[in-house]
Amino acid sequence: MALTLAAALPARADLFEDLAGSYGAAFRKDLSCAVAPHRLSFSADRRRAHFQLSAPTRDYQGALRSQADYTVLGWDETGIRMQLDGETRLTEGGVPVVWILRKAAGLDGYCWGRTDWPQGRCQHLMLRCAEDLPLG
């Protein structure tokens with residue numbers, strides 16, 4: 001039975017290919033696929049991640065932004081470690097925050113962790129949109 005289920009899932013080459021696509025927030029209608037989706041892509045060399053937002057959104061500093069770019073620091077089967085360009089938040093240890101983009105368990109989506117958080121903590125669940133949506 002496990003072989004049948006595995007065969008029914010779309011075959012994607014790796015974590016980067018699997019995570020690239022259009023998403024919307026699971027628990028925020030204003031950032032959902034229907035209202036304000038975003039697109040996640042990676043550079044060919046896997047050193048950069050780019051989030052293109054369909055509508056300007058306030059960031060952690062209160063500024064409106066329509067994109068976010070990250071430097072990829074590394075990855076493994078649990079997620080992709082990256083740092084937001086211009087990141088000013090610090091861990092309790094006083095070092096810049098490093099984010100972990102994780103595939104959401106059992107869902108076609110992702111969530112965010114941090115290297116200074118407990119391993120299971122993952123928030124801001126984003127679910128893949130039914131189709132790759134054009135962004136304005």
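## Chat about the pocket, strands and disulfides

User: Hi! Which element gives the most to the lining of the largest pocket?

Analyst: Strand β3 does, with six residues in the lining of the largest pocket. Helices and strands here are DSSP runs (helices H or I, at least four residues; strands E, at least two), numbered from the N terminus. This is a predicted model, so local features need pLDDT of at least 70 and side-chain atom pairs pLDDT 80 or more, while totals for chains, interfaces and linings use all residues. Residues are numbered from 1 along each chain as its sequence is written, and side-chain values use heavy atoms, without hydrogens and water.

User: Good to know. What counts as a pocket?

Analyst: The search runs on a 1 Å grid over the protein atoms alone. A pocket is an open set of points with protein on both sides within 12 Å along at least five of seven lines, whereas a cavity is a set where a 1.4 Å probe fits but cannot get out. Lining residues have an atom within 4 Å of a point.

User: And how much space lies in the largest pocket?

Analyst: About 810 Å³. That volume is the space filled by probe spheres set on the grid points, which are joined across faces, edges and corners. The lining has 27 residues, and T57, R58, W112, H124 and M126 are the closest to the centre of the pocket. Two or more lining residues come from each of β3, β4 (64-76), β7 and β8.

User: How do the lining residues divide into nonpolar, polar and charged?

Analyst: There are 18 nonpolar, four polar and five charged residues. Nonpolar covers Ala, Val, Leu, Ile, Met, Phe, Trp, Tyr, Cys and Pro; charged covers Asp, Glu, Lys and Arg; the others, Gly among them, count as polar.

User: You named H124. Where is H124 found, and what is its phi near?

Analyst: H124 is in strand β8, and its phi is near 60°, a positive value in a residue other than glycine. Most residues other than glycine have a negative phi. H124 is partly exposed, with a relative accessible area of 48%; buried means under 20%, exposed over 50% and partly exposed in between, with a 1.4 Å probe and protein chains only. R46 also has a positive phi, of about 60°, although it is not a glycine. R46 sits in the loop between β2 and β3 (48-58) and is partly exposed at 28% relative accessibility.

User: Switching topic: how many disulfides are there?

Analyst: Two disulfides, taking a disulfide as a pair of cysteine sulfur atoms within 2.5 Å. One joins C33 to C129, with 2.0 Å from S to S. The other is formed by C111 and C122, whose sulfur atoms are 1.9 Å apart. With the bonded cysteines numbered in sequence order, the pairing is 1-4, 2-3.

User: Is the disulfide of C33 and C129 left-handed or right-handed?

Analyst: Left-handed, because the torsion about its S-S bond is about -95°. C33 lies in the loop between β1 (21-25) and β2 (38-42) and C129 in the segment after β8 (123-128), so the pair ties together parts 96 residues apart in sequence. C33 is partly exposed at 25% relative accessible area, and C129 is buried at 6%.

User: What about the link of C111 and C122?

Analyst: The link of C111 and C122 is right-handed, with 105° about the S-S bond. C111 is in strand β7 (residues 109-114) and C122 in the loop between β7 and β8, 11 residues apart. C111 is buried, with a relative accessible area of 8%, while C122 is partly exposed at 28%.

User: Why is strand β6 called largely enclosed by the rest of the structure?

Analyst: Because four of the five residues of β6 (residues 99-103) are buried. Strands pair if DSSP finds at least two bridges between them. β6 pairs with β5 (residues 79-84) in the antiparallel sense over three bridges, and I80 stands opposite L101 in β6. Five bridges join β6 to β7, also antiparallel, with I100 opposite G113 in β7. The hairpin of β6 and β7 has five residues between the strands, and there G106 takes a positive phi near 75°.

User: Last one: how many helices and strands are in the chain?

Analyst: Two helices and eight strands, in the pattern α-α-β-β-β-β-β-β-β-β along the sequence. Of the 136 residues in the chain, 36% are buried.
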